[in-house]
Amino acid sequence: MSGRIPPLGDTTGLWQAVLSAAAGRCQCRGTCGKTHAKDGGRCPVRHGGYARHNAGPVRLLAAPADPDGLLLPAHRAAALPKRELAAWCPACHDSTRRTAAKTGRGATGPADSLF
Ligand SMILES: [Zn+2]
Ligand SMILES: [Zn+2]
């Protein structure tokens, strides 16, 4: 239902820069609807970690840090500088985007992660 764009390779320089700035950890601070309170207010999911048993390793996404930015068309999101990007785990990314879409601010169409 999401119509996800296939991710580009992990070798993408910007993706690597975003991930290393995030220390390989999801940077969601509750915009997904979970407070992440028991994890210090930040999502504990790490790149390459396992979100749950019997699931593959988590692959973090580089996407706009601002929830509204997640609604940008991909070509506009791709033009954002690194400081406006954040690492997201797929669950937080999808939930945050859904929440942002619901509020309707700045919604111009579907967007997806950059990489
Ligand atoms: Zn997360
Ligand atoms: Zn989250």
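The model is predicted. Mean pLDDT for the protein is 84. Of its residues, 79% reach 70 or more.

**Confidence by element**
- Confidence is highest in strand β2, residues 85-88, at a mean of 96.
- Helix α2, residues 74-77, has the lowest confidence, with a mean of 87.

**Helix α1: two sides**
- Trp15, Val18 and Leu19 of α1 are buried.
- Looking down the axis of α1, the buried residues fall within an arc of 95°, so they line one face of the helix.
- Gly13 and Ser20 are exposed on the other side of α1.
- The cover over the buried residues of α1 includes β1 and β2.

- Ala23 is not a glycine, yet its phi is positive.
- Why does this stand out? Most residues other than glycine have a negative phi.
- Ala23 sits in the loop between α1 (13-21) and β1 (61-64).
- Is Ala23 buried or exposed? Ala23 counts as exposed, because it has 10 C-beta neighbours inside 10 Å and the cut-off for exposed is 12 or fewer.

**His36: another positive phi**
- His36 is not a glycine either, and its phi is positive, at about 55°.
- His36 lies in the loop between α1 and β1.
- How many C-beta neighbours does His36 have inside 10 Å? His36 has 18, so it counts as partly exposed.

Key: Residues numbered from 1 in each chain as written. Chains lettered and ligands numbered in written order. Predicted model: local features only at pLDDT ≥ 70, side-chain atom pairs only at ≥ 80, totals over all residues. pLDDT = per-residue confidence, 0-100. Helix = DSSP H or I, 4+ residues; strand = E, 2+ residues; numbered from the N terminus. Buried ≥ 20, exposed ≤ 12 C-beta atoms within 10 Å, placed from the backbone. Arc of directions from axis to C-beta. Contact = placed C-beta atoms within 7 Å.
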